[in-house]
Amino acid sequence: MTKKTIIIDSGLGNINSLTNCIDSLEFKYEIVQSPNENIIFDKIIFPGVGSYSHAMESIISKKWDNFIKKNVIEKKKYYLGICIGMQILSNYGYENTKTKGLGIIDGEVENIQLNEAKLKIPHIGWNDVEFKNKNELYDGIKNFSDFYFDHSFVFKTNDELDISTLTEYEKKFVSSVKKGNIFGTQFHPEKSADNGKKLLN
């Protein structure tokens, strides 16, 4: 049976840039806008932009939280969270107000809190990633390769083994994570040219 990826469209951002990118990669995917137990799939991609509190409100109201936990934790299906899709894996986020996350990867999402006025928030543009615990997403990708970022908050993990890469913006922050079958990137691979395509592939 052909393996299929579902892309969760939770209303948290335009997914066209993601689908435009992966259309050239020749793997089968389906966009889903509501949880459906009858969907047959092997992998989940959860993209999104916006605030943590709004994201969790949308996820819970549409019952994506139960769907993700059942398939990712119980059934061990692969998950890739992009930007807010990575951040909501944490225990709590502090954007707007303290908000409970999915609690899948131990940690919290906090403001970057830069000191130097020469660096702007949000962190927007190209920056490199340094391997901390390299995983299979980075096969064929060199250490310190560039990816595209657009964010003001960062994932502070409590277990260093969950950190895949670090990126420096005045100080180092976690730019991607992995725990078993669960992956997350703070950067946007769909906007990261060839390196992003390699990662999504």
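Keep in mind that the model is predicted.

Start with the helix. α2 runs over residues 52–61, and Ser 58 sits in it. Which residues of α2 are buried? They are Tyr 52, Ser 53, Ala 55, Met 56, Ser 58 and Ile 59. Think of the helix geometry here. An α-helix has 3.6 residues a turn, so residues three or four places apart point the same way.

What do those buried residues pack against? On the helix side, α3 (64–74) and α4 (84–87). On the strand side, β3, β5 (92–93), β6 (99–100) and β7 (107–111). After the helix comes Lys 63, with a positive phi, near 65°.

Now zoom in on Ser 58. Is Ser 58 buried or exposed? Buried, because its relative accessibility is 9%, and the cut-off for buried is under 20%. Leaving aside residues up to four places away in sequence, Ser 58 touches Ser 10 and Leu 12. Gly 11 is 47 residues away along the chain, yet its C-alpha atom is 7.9 Å from that of Ser 58.

Next, the pocket. The largest one has a volume of about 460 Å³. Three elements each give at least two lining residues: β3 (43–46), β4 (78–82) and α5 (193–200). By class, the lining has 10 nonpolar, 7 charged and 2 polar residues.

One link to finish. β3 supplies residues to the pocket lining, and the buried residues of α2 pack against β3.

Notes: Residues numbered from 1 in each chain as written. Predicted model: local features only at pLDDT ≥ 70, side-chain atom pairs only at ≥ 80, totals over all residues. Heavy atoms only, no water. Helix = DSSP H or I, 4+ residues; strand = E, 2+ residues; numbered from the N terminus. Buried < 20%, exposed > 50% of the residue type's maximum accessible area, 1.4 Å probe, protein only. Contact = heavy atoms within 4.5 Å. 1 Å grid on protein atoms, 1.4 Å probe; cavity = no way out; pocket = protein on both sides within 12 Å on 5 of 7 lines; lining within 4 Å. Points joined across faces, edges and corners; volume = space filled by probe spheres on them. Nonpolar A, V, L, I, M, F, W, Y, C, P; charged D, E, K, R; others polar.
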